[in-house]
Amino acid sequence: MYEAVHPYPDGRSTPARYAREAARGGFEGVVVRGRSAVDEGCGAGRADGGDGGGGDGDNGDTPAGPFGAVADRYGLDVVDAVEVSGDDRSSVSGAIGNYRPKTTLLLVRGGDDDVNRLAVEQVQVDVLTRPMRGDGGFNHVLAKAARDNGVRVEFDLSSVLRRDGGHRVQALQDLRLLRKLVTKFDVPYVVSANPRSHLQLRAPRELAALGEVVGFEAAEIREGLAEWGRLAARNRERSSDSFIAPGVQRGRYEEDHRGTR
Amino acid sequence: MKHLPKHLTERWRYLAVEITTWPDASISRGAFQRELWFAAQNLVGDVGSADADLTVFDFEGGAGEYETVVRARRGEVGPARAALACIDAVGGDPVGVRVRGVSGTVRACEERYLGRAAGATGQRHVAFDGADRPAHVRDDSLDVSLPDGYVGAAELDFE
């Protein structure tokens with residue numbers, strides 16, 4: 001099971017600290033949501049994810065990706081991701097094309113209806129995060145498009161965990177609608193608590209228990225947390241040199257050994 | 001009043017809970033109990049919190065790391081976990097909460113899951129974000145003090 005975290009400067013902890021605490025909490029991996037900063041003048045340098053430490057060396061191009069050293073130290077998988085956030089179609093669309101080749105997971109943060117629609121109609125997008133954020137929404141049209149294009153929809157538990165009163169009620173209503181659509185149309189989904197510091201990390205069992213209280217099944221929550229890992233594995237396989245097409249890869253079968261045996 | 005025969009007494013489960021904070025925060029048993037009641041009441045309502053009957057037992061620790069035992073009625077461990085997960089801050093200080101394990105007696109709970117001596121703590125200065133900053137060290141984790149609050153880092157960030 002994986003958790004998708006916001007590293008410094010977006011959040012208040014570095015990827016290494018998240019990895020340390022997540023490993024202690026029983027996660028198998030961490031997805032580090034780098035920010036694309038579309039709305040801040042397209043900083044291309046952010047594509048490598050949040051390098052929190054002051055000029056440390058663990059962000060080099062190790063074979064295991066930018067977070068190879070962190071993964072080795074804490075014994076869990078660390079996945080680099082970029083979360084594209086923008087308010088209009090053209091900037092988000094540009095960022096998707098720009099970051100897709102550079103990152104393992106490409107997430108699009110939900111915005112208005114236009115951005116949500118764009119995200120679920122792009123096969124290149126892996127996850128639409130927080131689809132109910134702001135004035136955006138989610139409906140049966142988007143649900144079908146997400147299913148057809150294999151775009152995962154995120155169940156965001158952050159408001160249930162960290163807000164109360166009216167905001168939480170609103171968030172629970174949004175989750176209920178999203179759950180209805182996801183179940184009805186068999187949309188692939190992920191689950192995340194959207195932690196912004198290592199203190200906001202909650203272990204899988206806690207999230208499953210919370211999910212049961214608010215109407216999910218514990219297995220659904222675990223599935224959603226595990227889906228991050230499956231996505232990362234799929235994308236890594238696809239971007240590896242031996243990959244040709246789904247089900248076709250360059251292997252060690254090219255030589256003909258029959259004569260030599 | 002004569003106490004109940006054993007087969008009629010309540011059965012409890014004891015959750016070993018670890019609470020982490022930024023190093024400048026200080027939290028007490030009473031404050032944590034209050035937040036736990038609020039969290040349970042907000043999440044599962046009066047009925048659910050009465051069923052779970054969450055009580056904070058011994059509370060130890062300091063300097064950013066605390067341990068405690070939370071009692072819940074048997075069969076209500078799920079809602080108890082959920083309520084604990086919803087504790088975001090105690091008295092305004094953000095906290096991280098993790099359930100280390102669940103036992104049937106306080107003693108088993110303490111022996112199995114608690115009392116892990118906190119690692120060496122200290123202070124040092126680190127280069128972070130282009131400046132020299134003071135940091136609180138615990139094991140291989142560092143909480144770096146920035147003008148706008150702490151940032152959680154790890155030893156690996158400075159190697």
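**Entry 1: helix α1 of chain A**

I began with helix α1 of chain A, residues 15-25, and found it mostly covered, with nine of its 11 residues buried. The model is a predicted one. I listed the buried residues of α1(A) as P15(A), A16(A), R17(A), Y18(A), A19(A), R20(A), E21(A), A22(A) and G25(A). Just past the end of α1(A), I noted that G26(A) has a positive phi of about 100 degrees.

**Entry 2: chain A as a whole**

I counted nine helices and nine strands in chain A. Of the 261 residues in chain A, 52% are buried. I then looked at contacts in chain A between residues at least 6 apart in sequence, and 66% of these join residues at least 24 apart.

**Entry 3: F138(A)**

Where does F138(A) lie? I found F138(A) in the loop between β5 (127-129) and α5 (140-149) of chain A.

Is F138(A) buried or exposed? F138(A) has 22 other C-beta atoms within 10 Å, and the cut-off for buried is 20 or more, so I wrote F138(A) down as buried.

I set aside the neighbours of F138(A) within four places in sequence and looked up its other contacts, which are N116(A), P131(A), M132(A), A143(A), L178(A) and L181(A). I also checked F138(A) against D113(A), which is 25 residues away along the chain; their C-alpha atoms are separated by 7.8 Å.

**Entry 4: helices α8 and α9 of chain A**

Next I took the pair α8 (residues 204-213) and α9 (residues 218-239) of chain A. These helices pack at an angle of about 135 degrees, and their axes are 8 Å apart. An angle over 145 degrees would count as roughly antiparallel, and 65 to 115 as roughly perpendicular; the pair α8(A) and α9(A) is therefore oblique. I recorded the crossing of α8(A) and α9(A) as right-handed.

Which residues meet where α8(A) and α9(A) touch? From α8(A) I noted P204(A), L207(A), A208(A), G211(A) and E212(A). From α9(A) I noted A218(A), E220(A), I221(A), R222(A) and L225(A). By class, the residues of this contact are six nonpolar, one polar and three charged.

**Entry 5: chain B as a whole**

I moved on to chain B, which has three helices and nine strands. Read from the N terminus, the elements of chain B run β-α-β-β-α-β-β-α-β-β-β-β. The C-alpha atoms of chain B fill a box of roughly 65 × 30 × 25 Å along the principal axes. Buried residues account for 40% of the 159 residues in chain B. For contacts in chain B between residues at least 6 apart in sequence, I noted that 54% join residues at least 24 apart.

**Entry 6: the domains of chain B**

Chain B is divided into domain 1 (13-113) and domain 2 (121-158). I looked up the distance between the centres of these two domains of chain B, taken over C-alpha atoms, and it is 28 Å. Five residues from domain 1 of chain B and five residues from domain 2 of chain B take part in their contact. The domain 1 side of this contact has three nonpolar residues, one polar and one charged.

**Entry 7: F59(B)**

I looked up F59(B) in strand β2 (residues 55-62) of chain B. F59(B) counts as partly exposed because it has 19 C-beta neighbours inside 10 Å, and buried would take 20 or more. Leaving out neighbours within four places in sequence, I found F59(B) in contact with R29(B), F32(B), Y66(B) and T68(B). I also looked at A135(B), 76 residues from F59(B) along the chain, and the C-alpha atoms of the two are separated by 26 Å.

**Entry 8: helix α2 of chain B**

Why is α2(B) described as largely enclosed by the rest of the structure? The reason is that seven of its nine residues are buried. I listed these as P79(B), A80(B), R81(B), A82(B), A83(B), L84(B) and A85(B). In chain A, the buried residues of α2(B) pack against α6 (158-162) and α8. In chain B, they pack against β1 (12-21), α1, β3 (65-73) and β5.

**Entry 9: where the chains touch**

Last, I looked up the contact between the chains. Chain B gives 32 residues to this contact and chain A gives 33 residues. On the chain B side, α1 (29-52), α2 (77-85), β5 (93-103), β6 (121-128) and β9 (149-154) each supply at least two residues. I noted the classes on that side of chain B as 18 nonpolar, eight polar and six charged.

Key:
Residues numbered from 1 in each chain as written. Chains lettered and ligands numbered in written order. Predicted model: local features only at pLDDT ≥ 70, side-chain atom pairs only at ≥ 80, totals over all residues. Buried ≥ 20, exposed ≤ 12 C-beta atoms within 10 Å, placed from the backbone. Helix = DSSP H or I, 4+ residues; strand = E, 2+ residues; numbered from the N terminus. Domains from an automatic or database assignment. Contact = placed C-beta atoms within 7 Å. Nonpolar A, V, L, I, M, F, W, Y, C, P; charged D, E, K, R; others polar. Axes fitted to C-alpha atoms, helices over the stretch in contact; angles between N-to-C directions. Parallel < 35°, antiparallel > 145°, perpendicular 65-115°, else oblique. Left-handed = near helix turned anticlockwise from the far one by under 90°.
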